[in-house]
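Subject: A structure for you to explore

Hello,

Here is the structure I promised to pass on to you. Please open it next to this email, and then read on for what turned up.

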Amino acid sequence: CGSLDDARCVFNKMPQRNVVSWNTMIAAYCQDGHGKEAIELFQQMQLKGVAPDKITFVSILSGCSHTGLVDDGWHYFVSMNREYDITPTLEHFVCMIDL
């Protein structure tokens, strides 16, 4: 097991971040039960101009499910198609069932 704080420190020191690095950090927060922090990081990702992908949304939806953020989960599920033109896959629907 790793340290979330150490991971965030490394992430913050990265000179450039791509969707994979953002997804990894978002998933780490979600797996550790920090749904709100994952959402905040997702918002920072958008502000930096990095477009989310289907993996980003699996992480966000899973994080919302595991931390009881039902309204946020529905918001992101709807926005993935409306705002990002990402068609939900089986993994997204599974997260919604868990939500």
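Which residues of helix α1 are buried? They are L4, R8 and F11, in a helix that covers residues 4-13. Before going further, a word on the ground rules: this is a predicted model, in which local features need pLDDT of at least 70 and side-chain atom pairs count only at pLDDT 80 or more, while totals for chains, interfaces and linings use all residues. Residues are numbered from 1 along each chain as its sequence is written, and side-chain values use heavy atoms, with hydrogens and water left out.

"Buried" means under 20% relative accessible area, "exposed" means over 50%, and "partly exposed" is in between (1.4 Å probe, protein chains only). Helices are DSSP runs of H or I with at least four residues, numbered from the N terminus.

**Helix α1**

An α-helix has 3.6 residues a turn, so residues three or four places apart point the same way. On the other side of α1, D5, D6, V10 and K13 are exposed. The cover over the buried residues includes α2 (19-31) and α3 (35-47), where contact means heavy atoms within 4.5 Å.

**Aromatic pairs**

How many aromatic pairs does the structure hold? There are six. Rings of Phe, Tyr and Trp (its six-membered ring) pair if their centres lie within 6.5 Å; planes under 30 degrees apart are stacked, over 60 edge-to-face, and the rest tilted. The ring centres of F42 and Y76 are 5.2 Å apart and the planes are at 85°, so this pair is edge-to-face. F42 lies in helix α3 and Y76 in helix α5, so the pair ties together parts that are 34 residues apart in sequence. Both F42 and Y76 are buried. F77 and F93 are also edge-to-face, because their centres are 5.6 Å apart and their planes are at 65°. F77 is buried at 13% relative accessible area, whereas F93 is partly exposed at 42%. Ring pairs also link F42, F57, Y76 and Y84 into a cluster.

**T56 and its surroundings**

T56 sits in helix α4 (residues 54-66) and is buried, at 1% relative accessibility. Leaving aside neighbours within four places in sequence, T56 is in contact with V19, N23, I26, F42 and M45. With N23, the T56 side chain makes a side-chain polar contact of 2.5 Å. A polar contact is a pair of N or O atoms within 3.5 Å; within protein, one must be able to donate a hydrogen and the other to accept it, and residues adjacent in sequence count only if both atoms are side-chain atoms.

**The cysteines**

A disulfide is a pair of cysteine sulfur atoms within 2.5 Å, and the count here is zero. C30 is buried, at 7% relative accessible area, and so is C64, at 1%.

Happy exploring!

Technical notes: Helices (H or I, at least four residues) and strands (E, at least two) are DSSP runs, numbered from the N terminus.
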